[in-house]
Amino acid sequence: MRIDMHIHTTPKSPCSVLDPQDLIKSAVHAGLDGICLTEHQALWEKSEVDELAAAGGIKIFRGNEFTTNQGDILVFGFYEDIKGLLMIQDLREAVLGAGGFMVAAHPFRGFKTFGIGQLQMTLAQACKRKVFHFVDAMEIGNGKLSSSENELSQKVAENLGLLGTVGSDAHRADEIGKWVMDFEREFDSEEDLVTELKAGRFSVIHSAAA
């Protein structure tokens with residue numbers, strides 16, 4: 001199963017201009033089997049997702065992107081609709097209690113923009129980010145990041161022994177499917193999605209043409 005794990009739509013994510021209907025069309029055109037809706041601290045209702053999936057002929061799973069004191073975190077299998085800035089420790093405790101899965105989203109976004117690259121950040125320094133103590137995985141491929149930012153994420157994940165996930169981080173229809181997860185097994189439920197993530201039964205694919 002090929003799934004784009006990181007997508008934002010309008011109006012649930014104000015920064016996005018991606019209409020859900022256009023999303024479905026683009027996802028099907030890109031050959032995806034499923035998508036994850038990971039809005040900015042806004043959770044879709046299960047009935048909404050089921051209706052959208054049935055009409056579009058594609059599997060749709062829910063996630064959430066929370067803002068924490070240690071950066072943005074993608075969460076799957078956790079359904080509390082929490083607003084505002086969260087402490088990473090509190091989110092971790094809640095997600096663990098629910099049996100969910102946490103991913104450090106775009107962990108090195110802007111590291112060159114803000115001068116860290118010019119300071120010759122070492123791999124050892126990059127590995128010391130506190131957020132990595134509180135997540136199950138980190139995003140090693142993000143459609144909004146530069147190749148050097150994604151490469152640093154990949155090296156850190158390998159060094160720390162963390163699972164690496166990817167996603168387009170799409171906010172427009174033409175961004176769908178740039179980075180996708182290729183799962184080894186087929187599944188239908190969000191519970192099974194979390195199970196497969198925890199087991200690491202996936203590979204990642206980068207499509208530069210997307």
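The protein chain has a mean pLDDT of 93, and 94% of its residues reach 70 or more; pLDDT is the predictor's confidence in each residue, from 0 to 100. Over residues 113-119 the pLDDT falls below 50, and this stretch has 4 contacts in the model beyond near neighbours in sequence, a contact being heavy atoms within 4.5 Å. The model is predicted, so local features need pLDDT of at least 70 and side-chain atom pairs count only at pLDDT 80 or more, while totals for chains, interfaces and linings use all residues. Residues are numbered from 1 along each chain as its sequence is written, and side-chain values use heavy atoms, with hydrogens and water left out.

**Aromatic pairs**

- The whole structure contains 5 aromatic pairs; rings of Phe, Tyr and Trp (its six-membered ring) pair if their centres lie within 6.5 Å, and planes under 30 degrees apart count as stacked, over 60 as edge-to-face and the rest as tilted.
- Phe108 and Phe132 form a tilted pair, with 6.0 Å from centre to centre and 50° between the planes.
- Phe108 lies in the loop between strand E5 (101-104) and helix H4 (123-126), and Phe132 in the loop between H4 and strand E6 (137-142), so the pair ties together parts that are 24 residues apart in sequence. Helices (H or I, at least four residues) and strands (E, at least two) are DSSP runs, numbered from the N terminus.
- Phe108 is buried at a relative accessible area of 3%, and Phe132 is buried at 8%; buried means under 20% relative accessible area, exposed over 50% and partly exposed in between (1.4 Å probe, protein chains only).
- Phe61, Phe183, Phe187 and Phe202 are linked into a cluster by ring pairs.

**Charges over rings**

- Arg129 lies over the face of Phe132, at 5.9 Å from the ring centre; a charge sits over a ring if NZ of Lys or CZ of Arg is within 6 Å of the ring centre and within 35 degrees of the ring normal.
- Lys12 lies over the face of Trp44, at 4.9 Å from the ring centre.

**Cysteines**

- The structure holds 0 disulfides, a disulfide being a pair of cysteine sulfur atoms within 2.5 Å.
- The closest cysteine sulfur to that of Cys15 is in Cys36, 17 Å away and too far for a bond.
- Cys15 is partly exposed at 45% relative accessibility, whereas Cys127 is buried at 12%.

**Gly97**

- Gly97 is found in helix H3 (residues 88-98) and is exposed, at 69% relative accessibility.
- The C-alpha atoms of Gly97 and Phe78 are separated by 9.1 Å, and the two residues are 19 residues apart along the chain.
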